[in-house]
Amino acid sequence: MVLSSTMIGALLGLGTQMYSNALRKLPYMRHPWEHVLGMGLGVVFVNQLVKWDAQLQQDLDKMLEKAKAANERRYIGRRTLCIILLQLSFSPFSSKLYGITVL
């Protein structure tokens, strides 16, 4: 993955510099040091983009795990059992059915 992103970055930088020279109707390899600089900047840019994407994926996984845990706490837990028992105790039909006396 690192090698492919490095190559893509180098080609991006080289292509950008050559495109810039072509737009200005200059020779493609007018200043070779500009191409090396562009390739270096392209490599840094693409590698940072890959790192940022990996970090973003980890952050998203953490957020989804927190949301899942919050939903489980909200809907599955002791509160659900208490609500069911309260519904059974206050319902006139179910209290006779289950033998629960309501005071």
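Predicted model: local features only at pLDDT ≥ 70, side-chain atom pairs only at ≥ 80, totals over all residues.
Reader: Let's start with one glycine: does Gly-9 count as buried or exposed?

Author: Residues are numbered from 1 along each chain as its sequence is written, and side-chain values use heavy atoms, with hydrogens and water left out. Buried means under 20% relative accessible area, exposed means over 50%, and partly exposed lies in between (1.4 Å probe, protein chains only). The relative accessibility of Gly-9 is 0%, so Gly-9 counts as buried.

Reader: Which residues does Gly-9 touch, beyond those up to four places away in sequence?

Author: Gly-9 has its place in helix 1; helices (H or I, at least four residues) and strands (E, at least two) are DSSP runs, numbered from the N terminus. A contact here means heavy atoms within 4.5 Å. By that rule, Gly-9 touches Met-39, Gly-42, Val-43 and Val-46.

Reader: What pattern does the protein chain follow along the sequence?

Author: The protein chain has 4 helices and 0 strands. Read along the sequence, its pattern is α-α-α-α.

Reader: How far apart are the end C-alpha atoms of helix 1?

Author: Helix 1 covers residues 2-23. The expected span is 1.5 Å times one less than the number of residues, so its 22 residues should span 32 Å. That agrees with the distance between the end C-alpha atoms, which is 31 Å.

Reader: What arc holds the buried residues of helix 1?

Author: The buried residues of helix 1 are Ser-5, Gly-9, Ala-10, Gly-13, Gln-17 and Asn-21. Seen down the helix axis, they line one face of helix 1, because they fall within a limited arc. An α-helix has 3.6 residues a turn, so residues three or four places apart point the same way. Taken from the directions between the helix axis and the C-beta atoms, the arc for these buried residues is 150°.

Reader: And which residues are exposed on the other side of helix 1?

Author: Let's turn to the other side of the helix. There, the exposed residues of helix 1 are Leu-3, Ile-8, Leu-11, Tyr-19 and Leu-23.

Reader: Which residues is Gln-17 in contact with, leaving aside neighbours within four places in sequence?

Author: Gln-17 is found in helix 1, and its 15% relative accessibility is why Gln-17 counts as buried. Tyr-28 is 11 residues from Gln-17 in sequence and 8.2 Å from Gln-17, C-alpha to C-alpha. Leaving those neighbours aside, Gln-17 is in contact with Arg-24, Glu-34 and His-35.

Reader: Where is Tyr-28, and which residues is Tyr-28 in contact with, leaving aside its neighbours within four places in sequence?

Author: Tyr-28 lies in the loop between helix 1 and helix 2. With those neighbours left out, Tyr-28 is in contact with Met-18, Asn-21, Ala-22 and His-35.

Reader: What value does phi of Lys-25 take?

Author: Lys-25 is found in the loop between helix 1 and helix 2, and at 74% relative accessibility Lys-25 counts as exposed. Its phi is positive, in a residue other than glycine. Just after helix 1, then, Lys-25 takes a phi of about 55°.

Reader: Which helix gives the largest share of the nonpolar patch?

Author: Patches join residues with over 30% relative accessible area and no salt bridge, like charges within 9 Å and nonpolar side chains (Val, Leu, Ile, Met, Phe, Trp, Tyr) within 5 Å; a salt bridge is a side-chain nitrogen of Lys or Arg within 4 Å of a carboxyl oxygen of Asp or Glu. Leu-12, Phe-45, Leu-49, Trp-52 and Leu-56 make a nonpolar surface patch of about 520 Å², with areas from the Shrake-Rupley method and a 1.4 Å probe. Leu-56, in helix 2, is partly exposed at 42%. The largest share of the patch, 4 residues, comes from helix 2.

Reader: What part of the accessible surface of the protein chain belongs to carbon and sulfur atoms?

Author: Buried residues make up 16% of the 103 residues in the protein chain. The accessible surface comes to about 8900 Å², and the part belonging to carbon and sulfur atoms is 70%.
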